[in-house]
Amino acid sequence: MAILLAIETSCDETACAIVKDGKEILSNIVSSQINVHTLYGGVVPEVASRIHVENISAVIDEAIKKANISMEDVDGIAYTLGPGLIGSLHVGVQAAKTLAFLYNKPLIPINHMTGHIYANAFVSELKFPLLALVVSGGHSELVWMKNDWDFKVLGTTRDDAIGEAYDKVARVLGLGYPGGPIIDKLAKEGEAHYQLPTPKTDGAYDFSFSGLKTAVLQLKAREEKKGAEVKPADLAYAFQETALHSLVSKTIQAVKDYQPSMLVLAGGVAANSRLRELIQSEMEKHPECELVIPPLWCCTDNAAMIGAAGEIAYQHELFGDFDASADPSLMMPGEE
Ligand code: KG4
Ligand code: ZN
């Protein structure tokens, strides 16, 4: 049991949280850069790292003040080592090392994806074996956890991550950034008008979204060539239904094959209202497996989730050292 200061800067959120015993959030500060990146239609890595540098000290300071603690009360510094954007990660890693050095605290390097999974510990006691559907801007993964802190990636994306596909499709349709929430909302007004090909992969639990994104592009071009009016809401609907059907059907297949005690959703795309609805309705057929759908605030990137995973790593004494460097393509623990 510990009080951890957690830092997350893997993409476009500068975040710091103080988490007690992996369950109680004393503070959770997230400074989003979305307004800036919206101007460019997506995250510009160079800009992201520069804004992290500008904001990180103030974000850490605010997290400590809001938690009403001092650095002496902190038992360890949990931070995102990877995966993510290299320049963004570096800022958090350096901040963590500086604090650890200055205050003589242990470093706890955390894989961002494990953070997304353990965010669910804020809403429910995790039960193992556990299956996690981790869906974000950089990842689409089905992760099997036979025990606590025991990760096996059953399936992953062969090309684009689901969030990336949402963002790219939104850009093609001229809808803005980030595409996920926009398509989520727009698809509610859409109708089943267009047909898109079902994504195909060799692996039973693998995903593929690049072909679907191209199909949206081609359909739009074809319709425009014919002089037909392209209805963005209908196209958003078709894309979302096709993409989510693939996600949900493979997840349910894994539930049937592996029979977990708990299924958790994780990552930014877990905020999607249609995904939540579909998975909930499918899981009614599997009452033996508890479903946890995290609230929206703990789906998207934040540092509290790094503190939640950090607590388990702390208990396992998985400490880092000052040589550790940010790893943009860090694998899940045990997958190296
Ligand atoms: O987990 P996250 O905040 O950052 C990464 O680790 O990537 O996820 C961001 C991704 C973006 O691609 C964004 O478009 C997507 O999550 N997203 C959504 C929704 N809200 C965020 N995708 C679909 N529906 C949403 N409501
Ligand atoms: Zn994330």
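Okay, let's start at one residue: aspartate 301 is buried, with a relative accessible area of 15%. Buried here is under 20%, exposed is over 50%, and partly exposed is in between, using a 1.4 Å probe and protein chains only.

Quick background before I go on. This is a predicted model, where local features need pLDDT of at least 70, side-chain atom pairs count only at pLDDT 80 or more, and totals for chains, interfaces and linings use all residues. Residues are numbered from 1 along each chain as written, chains are lettered from A and ligands numbered from 1 in written order, and side-chain values use heavy atoms, leaving out hydrogens and water.

So what coordinates the zinc ion (ligand 2)? Asp301 does, through OD, together with His112 (NE2) and His116 (NE2), at 2.0 to 2.1 Å. Donors are N, O and S atoms within 2.8 Å of the metal (3.2 Å for Na, K and Ca), and sites may look incomplete because water is not among the atoms. Along the chain, the zinc donors follow the spacing H-x3-H-x184-D. Histidine 116 sits in helix H4, while aspartate 301 is in the loop between strand S10 (290–292) and helix H10 (304–315), so this pair ties together parts 185 residues apart in sequence. Helices (H or I, at least four residues) and strands (E, at least two) are DSSP runs, numbered from the N terminus. Histidine 116 is buried too, at 1% relative accessibility.

Next, the largest pocket. It has 35 lining residues, and those nearest its centre are Cys11, Ser136, Gly137, Asp167 and Tyr177. (A pocket is an open set of points on a 1 Å grid over the protein atoms alone, with a 1.4 Å probe fitting and protein on both sides within 12 Å along at least five of seven lines; lining residues have an atom within 4 Å of a point.) Helices H4 (112–118), H5 (162–172) and H6 (179–187) each put at least two residues into that lining, and H5 gives the most, with six. Where does the largest pocket lie? Domain 1 (3–118 + 298–315) and domain 2 (125–293) both give residues to its lining, so the pocket lies between them. Those bounds come from an automatic or database domain assignment.

Cysteine 11 is partly exposed at 23%, whereas cysteine 16 is buried at 0%.

Last, the backbone. Most residues other than glycine have a negative phi, and most peptide bonds are trans. Here, a cis bond joins glycine 82 and proline 83, with omega about -10°; proline 83 is in the loop between strand S4 (76–82) and helix H3 (86–103). Another cis bond runs from phenylalanine 128 to proline 129, omega near 0°, and proline 129 is in the loop between H4 and strand S6 (130–135).

Then we have positive phi: near 60° at asparagine 68 and near 55° at asparagine 104. Asparagine 68 lies in the loop between helix H2 (45–67) and S4, and is exposed at 69%. Asparagine 104 is in the loop between H3 and strand S5 (107–111), exposed at 71%.
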